[in-house]
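Visitor: I have a model open and want to go through it with someone. Can we take it bit by bit?

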Amino acid sequence: MAIPNVRIPTRQLFIGGEWIEPLKRNRLPIINPATEETIGDIPGATPEDVDIAVEAARRAMAGEWGSTTGAQRAKYLRAIAAKVKERKPELGTLEAIDSGKPWLEADADIDDVAACFEYYADLAEALDSRQKTPVPLHLDSFNTYVLREPLGVVGLITPWNYPMLMATWKVAPALAAGCAAILKPSELASITCLELGEVCKEVGLPPGALNILTGLGPEAGAPLASHPHVDKIAFTGSNATGVKIMTAAAQLVKPVTLELGGKSPIVIFEDFGDLDKAAEWTLFGCFWTNGQICSATSRLILQESIAAEFLDRLVKWTKNIKISDPLEDDCKLGPLVSHGQYEKVMKCISTARSEGATILYGGQRPEHLKKGYYIEPTIITDVNTNMQIWREEVFGPVLCVKTFKTEAEAIELANDTQYGLGAAVLSKDLARCERLTKAFQSGIVWINCSQPCFWQPPWGGKKRSGFGRELGEWGLENYLNIKQVTQYVSDEAWGFYKSPSKL
């Protein structure tokens, strides 16, 4: 694996197709989570910069970008995908350095970024043929058709665990629909999102079609969510912030899409048989992306008859995970994104211990890593359903375990959460898998696996995991206004009122 040496770019805000210094000249430090060193800085937008970006986006909608066809937008999206592929080694390395995720994962994320832009290019092209879709009526005197139009200016607020990929999940469909977008990435990992601005500049994306504001949530995200000239907000992040965004948007009856937290279950039945296969899916479901994933299956619900043997096997697999600098060969677990996140996860582990749970494995800083925000992959047993570790999202490499005897008990435990993003079941009994699929209160179900994610199916949850769907054709619909157009085609008068000429 040849990881390139990269320099950390110094960028400004990307507004109206140009790099523009923030009005207050604020800069925020970039901290490498593997070394705790400051390695650069990013611009810090304020409400004044948000106003400028919104105006640039509205000009784009009123000008060149607003008059594009789906086919024209598809060309831009494919050009972006090609440029991302061209810069993939650099972008993957920047992502790993900035967010702390293992380089292999970051590199794969950049592949998915390019593929997602290509996918939505195809959907943008297909939009042209779906315009003026006729709607059959019961009256011959009217013709009705449907137009699919861009919603307008959209605010896209994205998280730090998949910086460029989560941005793409929103940017690609928004541009495909013809919206003008303002992207506000997390201040904890913004490097590659700013590089997306450079990519758009290089391919000649019309000015204002995509604007990128980095900065703190209260200073950049909140003004974007409450701005009267932003027509929609799409947000991925914490529940607390999601509530604030929904509250702000409600004042203007502004549509929102929310993809929030999760505390997803993975249910393993004794009939699955292959304990090694089950162990690997359990680890992947919870420890992938350093455990910082909203859909993590972080509640292991294990059939009692196999619990002791399986947990012994699971610990052996967990001990084999390489924890290291994200740029090292075969790193499978890197540091958490920030000191704040490290402290939060360590406190969750400490609280679990104080509430009576057992730390079966992990729960500490790895002995060989004296610097960086590293935490060992952690397995917690002797958990009851009142404990914080069972009820609250940790967003770190922490798995809690509970056992069950019957299928009904497993379903009750799986649904014992305020969240409803994902759920997994491992069983060779496909009828049982079907029953649990119907019983799970979630937006996503994985059968005999955990965490695979593709850009073609829908992604989203229910309950306090949010609402709306991203990815697939559903992701495009998020950014379209459906307009009904009805024409009276009869030569006859409507005849509801009496004509004066016939009096």
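Visitor: Glu470, buried or exposed?
Guide: Glu470 is buried, at a relative accessible area of 3%. Buried means under 20% relative accessible area, exposed over 50%, and partly exposed in between, with a 1.4 Å probe and protein chains only. This is a predicted model, where local features need pLDDT of at least 70, side-chain atom pairs count only at pLDDT 80 or more, and totals for chains, interfaces and linings use all residues. Residues are numbered from 1 along each chain as its sequence is written, and side-chain values use heavy atoms, with hydrogens and water left out.

Visitor: Which side chain does Glu470 meet in a salt bridge?
Guide: That of Lys170, at 2.7 Å, N to O. A salt bridge here is a side-chain nitrogen of Lys or Arg within 4 Å of a carboxyl oxygen of Asp or Glu. Glu470 lies in the loop between strand S21 (466–467) and helix H15 (472–477), and Lys170 in helix H5 (residues 163–177), so the pair ties together parts that are 300 residues apart in sequence. Helices (H or I, at least four residues) and strands (E, at least two) are DSSP runs, numbered from the N terminus.

Visitor: And Lys170, buried or exposed?
Guide: Lys170 is buried, with a relative accessible area of 0%.

Visitor: How many salt bridges by this rule?
Guide: The count comes to 31. One of them joins the side chains of Arg11 and Glu198 at 3.5 Å, N to O. Arg11 lies in the segment before strand S1 (13–15) and Glu198 in helix H6 (residues 191–203), so this pair ties together parts that are 187 residues apart in sequence. Both Arg11 and Glu198 are buried.

Visitor: What about Glu187 and Lys184?
Guide: Their side chains also meet in a salt bridge, at 3.3 Å, N to O. Glu187 counts as partly exposed at 28% relative accessibility, and Lys184 as buried at 4%. Elsewhere, salt bridges that share partners join Arg11, Arg87, Glu90, Glu195 and Glu198 into one network.

Visitor: Why is S16 largely enclosed?
Guide: Five of the seven residues of S16 (residues 398–404) are buried, so the rest of the structure largely encloses this strand.
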